[in-house]
Amino acid sequence: MKVLCNRERLREGLAVVNSVVPAKSPKPVLSNVCMVATDDALELVGTDLEVAVRYRVEDVKVEDPGTTVIPARVTLDFVRDLSGETVEFAAAGGNCTITSGGDACELVTVDADEFPVVSRFGEDGSLSLQGGTFTKLVERTAFAAAREQGRYAMHGVLIEIDDDKLKMVATDGRRLAVASAPIDLSGAPAPEHATIVPTKGMQLFCRVITDPLDQVRLAFEENQLGLRTRNAEVFARLLDGEFPRYSAVIPKEVGNALEADGDHLQRKIRLVANVTGDEARAVRLSVKKGKLELFGQSAGRGEATAHMDVEYKGRSADIAFNPDYVVDGLKNAERELVRLEFNDKSSPGKFTLGEDYVYVVMPITMDV
Amino acid sequence: MARGGEESGLGQAEAIIRPLPELVRNQIAAGEVIERPASVVKELFENALDAGAREVRVDLEEGGVRLVRVADDGRGMGPADLRLAFAPHATSKLRAVDDLDHIATLGFRGEALASIGSVARCRIYSRPAAELLGWAVENEGGRVSEPRETGGPAGTHVEVRDLFYNTPARRRFLKRTATELGRCLDVIQRLTLAHDELGVAATHDGRRVLDVEAGMGFRERIRRVFGAELADALEPVEARDGDTVLTGFVAPPRFARADTSRQLWLLNGRPVRDKVLIRVLREGFRGHLEHGRHPAAFLRLAMDPARVDVNVHPAKAEIRLRDERRTFGFLVNALREALRRSDMATPGQVLLDRAARRDPAPGATLPDPGPLRRPDPRERPGDDELRVYEVPGRPLELREREDAGPAGAAPAPPGTEPADPAGGWAASDDVRGPFVVVDRTYIVRALPDGLEIVDQHALHERVTFEELKAELERGPLEVQRRLVPELVEVTRAEARRLEEHLPALESAGLCFSVFGPTTIAVQGLPVRLRRPGPEELVRVVLDLIERTGRVPEGVALLEEVLHSAACRGSVMAGDTLSQDEIESLLRRAARIPEAQTCPHGRPTRVRFAKLDLEKAFHRK
C-alpha cells in the first residue's frame with residue numbers, strides 16, 4: 001500500500017477514528033486503525049465493537065492500493081505533530097512508514113485479517129434528513145439518559161419515527177426528555193424494532209456531522225443504526241431491552257401552570273443552588289399568583305431565596321426539584337418562554353421547552 | 001446406693017452404684033477447672049496475687065505441660081496450711097455464704113489446688129516471712145506427703161510437673177507446644193496488665209518471654225506486652241457513672257485483630273472475658289471495623305461488687321451485671337467518645353516497614369513509628385485529662401473535671417508531640433489541589449508536612465453515610481422520586497417478606513412497593529444515596545431481613561444498608577472525579593469527625609508524614 005494524503009484532512013479523519021478506538025480493550029487489535037486504500041480513496045476504519053466508524057479521507061492520491069493496520073493513537077499523534085503539508089504512507093512487509101518532508105516514522109503493522117469486519121452503509125430504505133436536525137434532537141435528549149445504574153435500556157436514546165416526525169426520547173428514571181422534528185420520510189418504512197442507541201454512539205453520530213446544513217442519511221437495521229455523512233459512515237449497535245413506556249409518565253391533565261422566561265428562571269435556580277449542598281440538593285419552587293419564590297438550604301452552609309415574576313394559573317403550591325436536572329433542560333430550551341405544569345409536590349413536573357420539546361422531572365419530596 | 005429392689009440377702013449381688021473415691025472425684029472436678037496448662041498458670045498466679053505477692057515469676061517448660069512453676073514473694077504458709085492445701089473446698093478466702101456477695105479476692109472456691117494435685121506431680125514450698133524455715137509438701141496424683149522442713153526464700157513456690165500424666169484422655173486433648181504456650185502467655189499477660197503494682201517475669205524453656213517491673217504504669221505494661229506501636233497510639237478512656245468507673249485505653253481501629261487477644265477487661269481488678277463486654281467493644285467501634293475484627297482495648301471497670309455476679313462460671317471468666325442496659329449504654333458512649341479522639345490514619349511508616357519486609361506479619365510488633373500520633377486538632381492541648389459523663393445511654397454532655405490535676409491523667413508517651421499542627425481532617429486544612437488520582441481510586445494530596453493518600457470510595461461512603469445520618473436526624477429525608485420505577489425481580493417469598501417491612505423502609509427514604517408477585521418496584525430513594533443502586537439495595541434489605549428477621553428504623557437501617565453494600569464491593573467501580581469534585585469531597589469529609597474510616601471499617605486515608613518520607617529516603 002502506498003498513499004499520499006493531505007496532512008490536515010488525514011488528521012481530521014484520524015481524530016474521528018480515535019474517538020472510537022478504546023483506550024484499553026481485552027482485544028488489542030481494536031486499538032488500531034485499519035487503513036484501506038482503494039483506487040481513488042483512503043478509508044480509515046475504527047471500532048470498539050459497539051460503535052464503528054468508516055471515514056473517507058479527501059484529497060488523497062493512491063499509488064498502490066492495499067490495507068494496513070497500525071496503532072491508532074500513535075499514528076494520530078505523529079501526524080498531528082508533523083509540519084509538512086502532505087504525508088505519505090507506505091506499507092510493506094510488516095512495517096508501515098509515514099513520511100513527511102524529511103521526517104519519518106516506521107510502525108509495526110498488525111495482520112489485517114485480525115481486524116473485525118465493519119459493515120457498509122445500506123442505502124436501501126434509508127431516509128434523509130438535515131444533519132442539524134439530528135444533532136439538535138440529540139442535544140435536547142441525550143443528557144437525560146441513565147449513566148451509572150438503572151435499566152440497561154435506559155443507557156441510550158430511543159429513536160422513533162412517528163407521524164412524519166423523527167422523535168428521540170431519553171430517561172434515567174428520574175427525568176425524561178422527549179424531542180421531535182418533522183422529516184421527509186419519502187416512503188421509507190419506519191423501523192420495526194425499538195431503536196435504542198447507546199449514548200456513546202449518539203455522540204459519535206454528532207461528531208461526524210460537521211455541517212448542520214448537510215443532508216445525512218439514516219439506516220435502521222435489525223441490530224444497528226447507521227448514519228452516513230459526506231465522508232463518514234457510523235454504525236452503532238442497538239441496546240437490547242425494553243424502554244420504559246414513556247408516554248404514560250408525561251402528565252396529561254395538570255392543575256398548576258407557570259410560564260416564565262427560561263434564561264431568567266435558569267439564572268435564579270443556579271443562584272439558589274449555590275447555597276445548597278454539593279452533591280444532593282433540592283430547590284423549592286413556591287408559586288403564588290404572579291410570583292415565584294425559589295428557596296434552597298443546606299445544613300452546613302445556610303439558605304438562599306430568590307424571587308421572580310411569572311405567569312401563573314392555579315392554586316398556591318410548592319414543588320422541589322434537583323436544580324441540576326432543571327437546569328439541564330432549561331439550557332436546551334428552544335424558546336424564551338418556558339412552561340412548567342404540575343399537580344402537586346409529589347407528582348411529576350412537566351416542562352414545555354419548545355414546540356416539540358417536553359421535559360418531565362420527578363420532584364424531590366421531604367415528607368415520607 | 002443399691003437399688004431398693006435388690007435383696008441384700010442374695011449375697012453375690014454387690015451394689016452397682018457406689019460413691020467415688022476422692023481421687024476420682026478430684027480428677028473429675030479437675031476437668032472443670034483445669035483444662036490445660038494455662039488453667040494451672042491462672043490458678044497459681046491468682047493464688048500468688050491473693051497471697052499479696054509483689055513479684056511473681058513463672059517458669060514454663062514445653063508450653064507448661066512439662067512444668068509450670070509459679071514463685072511469689074507473698075505471705076507464705078505454715079505446715080498446718082500446707083497439710084490442707086490439697087484438700088478440696090479448703091480455702092483461706094471464704095468463710096460463710098454471705099461472703100459471696102462481696103468477694104474481693106481472685107479465688108474463693110477452694111477447688112484449684114485439689115484439682116491440680118489430682119492430675120499432676122506437684123510440690124509446694126512455702127515460708128512465711130516471719131519464720132526462719134520453710135516447709136514443703138508433695139502431691140503425686142492425689143497422694144499427699146507430710147510437710148517437711150526445708151530452707152529457702154520467703155514466699156511460696158508451686159511446681160506442677162507432667163500435667164495429666166495419670167489421665168491420658170485429657171492429655172490427648174492438649175495442643176501443640178506453641179499453642180499451649182500462647183494460652184499460658186495470654187493468661188500471664190492479662191494478669192500482668194491487671195496489676196500495676198506487680199513485677200512479673202516469665203520464662204519458657206529457660207528463655208525470658210516477659211519482663212515487667214513492679215510499679216510500671218498501665219500504658220508501659222501494654223508497651224512491654226504488645227509493643228510500642230500499639231502503646232503509643234492508645235487513646236485514654238475515663239468515664240464515670242455513679243460508682244461505676246471506666247478507665248483504660250482504646251487503640252485506633254487499625255490495631256484490630258481477628259481474635260480478642262488484644263482485648264482486656266478488668267472487672268474490679270479481675271480479668272474477665274464476658275460476652276456482654278465483648279459486645280460493648282464491638283458496639284463502641286461499630287462502623288470502624290471490618291467484619292470479624294476485634295478492636296484492641298485495655299479497660300478497667302470498677303463497680304460495686306454487689307452489682308455484679310462473678311460466681312457464674314468455675315473459671316470466673318463470665319459475669320452477670322445487674323442493670324445491664326444502663327451499664328452497656330454508659331460503656332459504649334465512653335468508648336465512642338475516646339475513639340473519636342484517636343488518630344485513625346494508618347501511619348505511612350507502618351506501610352513502609354511492611355513493604356520493606358518481605359514477609360508482612362500483620363500481628364507482629366512493629367518498630368516504634370515515632371512521632372506520628374497527632375492530637376486531633378479539635379482537641380485542645382491538655383485534653384487528655386479526665387472527662388466525666390453523667391448520663392449513660394445518650395450522646396453525652398461533656399463536663400470538664402474542675403480540678404483537672406494530674407491525677408488520673410494518663411501520661412502522654414514520650415515523643416508524641418505534634419509534628420504537624422495541621423494534621424488530620426479539619427476545616428482549617430488547606431484543601432486545595434492539584435490532586436493526583438491513581439487508578440481512579442486513590443487521591444494523593446499534599447499536606448503542609450507530608451502527604452496523604454485518600455481512598456476516594458471509602459471516603460465517599462463515609463461522607464454519604466454521615467450526611468444521610470445528619471439529614472435524618474434533622475427531619476425527613478429528601479427523597480428523589482422516580483418517574484419510571486426501577487423493577488427488581490425477587491422470589492415470591494422474598495416479596496412477601498419485604499411487604500411487611502415497607503413502612504420501616506420508607507422511614508429511611510427507601511420507597512419500595514410490591515409490583516407483582518415476584519417484582520419489587522423502587523419508587524424513590526434518598527437524594528444523597530448514590531450507591532448502592534436499586535437492585536443492590538433490594539438485595540441488601542432482603543439479606544438483612546433474612547439475617548435478623550427485622551428491619552431497623554431510620555439511621556440504623558441506612559447504616560446497615562451502607563455497611564452491607566460496601567461489604568459486597570459494590571463501590572469498587574472507579575469513578576473519575578474532577579479536581580473540583582475531589583476538593584468538594586475532601587471539604588465535606590473535613591466536616592465529619594468520623595471520616596477516618598469508611599462505614600465498614602476500612603481506613604479512608606493513609607498518611608505519610610515528612611518524617612516518614614525522610615526515613616524512606618534514608619535522610620534520617
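Student: How many helices and strands does chain A have?

Tutor: Chain A has six helices and 27 strands, where helices (H or I, at least four residues) and strands (E, at least two) are DSSP runs, numbered from the N terminus. This is a predicted model, in which local features need pLDDT of at least 70 and side-chain atom pairs count only at pLDDT 80 or more, while totals for chains, interfaces and linings use all residues. Residues are numbered from 1 along each chain as its sequence is written, chains are lettered from A and ligands numbered from 1 in the order in which they are written, and side-chain values use heavy atoms, leaving out hydrogens and water.

Student: Why is Cys34(A) called buried?

Tutor: Buried means under 20% relative accessible area, exposed over 50%, and partly exposed in between (1.4 Å probe, protein chains only). Cys34(A) has 8% relative accessibility, so it counts as buried, and Cys511(B), at 3%, counts as buried too. Across chain A, buried residues make up 54% of the 368 residues.

Student: How do you know how many disulfides there are?

Tutor: A disulfide is a pair of cysteine sulfur atoms within 2.5 Å, and a search of the whole structure over all chains finds zero of them.

Student: What makes β23(B) largely enclosed?

Tutor: Strand β23 of chain B covers residues 479-489, and nine of its 11 residues are buried, so the rest of the structure largely encloses this strand.

Student: Which strands are said to pair with β23(B)?

Tutor: Two strands pair if DSSP finds at least two bridges between them. Strand β27 of chain A (residues 364-365) is joined to β23(B) by two bridges and runs antiparallel to it, so by that definition the two pair. Strand β25 of chain B (residues 519-526) is joined to β23(B) by seven bridges, again antiparallel.

Student: Why are β10 and β13 of chain B said to stand at the edges of their sheet?

Tutor: The open sheet has five strands in the order β10-β11-β14-β12-β13 (chain B), with mixed pairing. β10 (235-241) and β13 (270-272) each have a single partner strand, so one side of each is left without a neighbour in the sheet. For β10(B), seven bridges link it in the antiparallel sense to β11 (residues 244-250) of chain B, and Asp241(B) has Thr244(B) as its bridge partner there.
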